[in-house]
Structures are given as C-alpha cells and as structure tokens.
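Morning, everyone. Please have the sequence ready and turn the model as I talk.

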Amino acid sequence: MTFKKIKHEADLPIFVKKLDNLFIPDLLNFFKNTHKIEKNKILAGNIKEEYDMLNFTPRFEKELYEDIFNNKELKKIIHSKAPLKKYTLSIEEFWINIQKKHEFNPLHNHYGLFSFNIFIQVPFLKEEEYVNSPGFKGNNNLAGCLQFVYTTPLGSLNTFNIAMDKTLEGIILLFPSELFHQVYPFYTSDKDRITAAGNIYFKR
C-alpha cells in the first residue's frame, strides 16, 4: 500500500500508509538486541524512555523514498522546497518512544523536509480513554490523541485531532516537518504506548 492523504476540512498534507506485517516485529527485535542510546536531550517529549534507532533505517528507507516519489502531492511539496530536477532524500534522525501512562509530548515541530510517526503498540481503545480520562465530562476530551496545530487563512489557530488507539498499530504517518503537533497522555492502561519517529532531509 502506498501513502494516501487523510481527508480533512483544512486539507492538511498528512499522509498514511499500512506497513508490511513483518515490519513491526523486525523493528522490535532490532530494538531488543541493540545497544540503547538515549535521545531525551534533543527531543521535546516529557517521556522518560526515548532511544536512538538510526541504524535500523537501511531496512526500510529505500521503500519509503519510493512511496514518497510515487505520490504526486508529496512530490509537489518536494519541488516547492527544492525546484531542482535532481535531489536525494536521507533519514537523519530516527528514534523510538516508550511512553508510559500520564507521559506526553508537548507542542513542537521538527527539522527536515518530512517527519513520520510509526504506531507500534497502542494498548487502549479511544472509547476507553474518553470514558475514563479526567476530561470525560468536558467538551474537548483529548485523552490519548495526536493533535496537529495549524494557522487558518484568516490567521487564527485551529487543530486536527487523530485518536491514537490500538486500531492504528502498524500504520506510518507522514507530514511536513514544520507542522506543529503534540501528543496527549493516556490513562487507562499500565502497558507502554510504543511509537517510532523520524525526520527526512534533503541529503547533504
């Protein structure tokens, strides 16, 4: 499956793809058997366990680049940033987040051309979170959500929310690196929410 754009009223350039069934087990096996290098000092996350995974990228970057170049809308974004005929992409940061209950990622954006999130393990369903979170009586319950923040044509701020739950396991999300986003804490599980993230640059 190639990247497909998520439909949204703001038409944000956020793309989604289902990964091969062997990708997640391969990634987790690599993580289990590799030396752990902490990434916390250069990341925004209020997350205790964040580790470098850059050595894993040769296993999937070729296919990732092909999927990007085969998507007309993603190619337009590339051309808008570098209107040259020849260019090469490179994953220069890739890490894994072992997120525990109540941990969160504050509002931030990334460096690079594109960024991606890979949903490895999400130990809850959104319906459970919405009913059991502290905001269950509120009118904007965002427990467990991934939220993108963007500017409207009139200059005000708006948001686009993605309910991160078990149904997203095995999915990769791709978006322009400058797009601001944040991840809200979850409350219903004592298991870890495991995601991986990375940044794609023009090769230096």
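Predicted model: local features only at pLDDT ≥ 70, side-chain atom pairs only at ≥ 80, totals over all residues.

First, the overall picture. The chain has four helices and 11 strands. How does its radius of gyration fit a compact globule? With 204 residues, such a globule would come out near 17 Å, and the chain has 17 Å, so the two agree. Along its principal axes, the C-alpha trace spans about 55 × 50 × 35 Å.

Of the 204 residues, 48% count as buried. The chain exposes about 11400 Å². Carbon and sulfur atoms supply 53% of that area.

Next, charges. There are 27 positive and 24 negative side chains. The centres of these two sets lie 4 Å apart.

And contacts. Take the contacts between residues at least 6 apart in sequence. Of those, 79% join residues at least 24 apart. Keep that in mind when we reach the single residues.

Now the helices. Start with α1, residues 23-33. Which of its residues are buried? They are Phe 23, Ile 24, Leu 27, Phe 30 and Phe 31. Look down the axis of α1: these buried residues fall within an arc of 130°, so they line one face of the helix. Here is the general idea. An α-helix has 3.6 residues a turn, so residues three or four places apart point the same way. Turn to the other side of α1, and you find Lys 32 and Asn 33 exposed. What covers the buried residues of α1? The cover includes β3, β4 and β6.

On to α3, residues 72-81. Its buried residues are Leu 74, Ile 77 and Ile 78. Seen down the axis of α3, they fall within an arc of 100°, so they too line one face of their helix. On the other side of α3, Lys 72, Lys 76 and Ser 80 are exposed. The cover over the buried residues of α3 includes one helix, α2 (61-69). It also includes the strands β2 (15-18), β4 (89-99), β6 (114-121), β9 (171-176) and β11 (193-202).

Stay on α3 and pick out Ile 77. Is Ile 77 buried or exposed? Its relative accessible area is 16%, and buried means under 20%, so Ile 77 is buried. What does Ile 77 contact, leaving aside neighbours within four places in sequence? The partners are Pro 13, Phe 15, Phe 114 and Pro 176. Compare Leu 174: Ile 77 and Leu 174 are 97 residues apart in sequence and 12 Å apart in space, C-alpha to C-alpha.

Now the loops. Ser 177 sits in the loop between β9 and β10 (180-183). How accessible is Ser 177? Its relative accessibility is 0%, so Ser 177 counts as buried. Look at what it touches, not counting residues up to four places away in sequence. The list has Asn 109, His 110, Tyr 111, Gly 112, Leu 113, Phe 114, Ser 115 and Asn 199.

Next, Leu 54, in the loop between β3 (49-52) and α2. Leu 54 is partly exposed, at a relative accessible area of 30%. Beyond residues up to four places away in sequence, Leu 54 touches Ile 91, Glu 92, Glu 93 and Phe 94. Leu 54 and Glu 92 are 38 residues apart in sequence, yet 7.3 Å apart in space, C-alpha to C-alpha.

Leu 125 is in the loop between β6 and α4 (126-132). At 33% relative accessibility, Leu 125 counts as partly exposed. Its contacts, neighbours within four places aside, are Asp 165, Lys 166 and Thr 167. Asn 46 is another matter: Leu 125 and Asn 46 are 79 residues apart in sequence and 22 Å apart in space, C-alpha to C-alpha.

Last, two backbone angles. Asp 11 lies in the loop between β1 (4-5) and β2. Asp 11 has a positive phi of about 55°, although it is not a glycine. His 102 is in the loop between β4 and β5 (105-108). His 102 also has a positive phi, about 80°, and is not a glycine either. With a relative accessible area of 49%, His 102 is partly exposed.

Technical notes:
Residues numbered from 1 in each chain as written. Heavy atoms only, no water. Rg over C-alpha atoms; globule rule 2.2 N^0.38 Å. Buried < 20%, exposed > 50% of the residue type's maximum accessible area, 1.4 Å probe, protein only. Contact = heavy atoms within 4.5 Å. Areas by Shrake-Rupley, 256 points an atom, 1.4 Å probe, with all protein chains shown as cover. Lys, Arg positive; Asp, Glu negative; His and termini not counted. Charge placed at Lys NZ, Arg CZ, Asp CG, Glu CD. Arc of directions from axis to C-beta.
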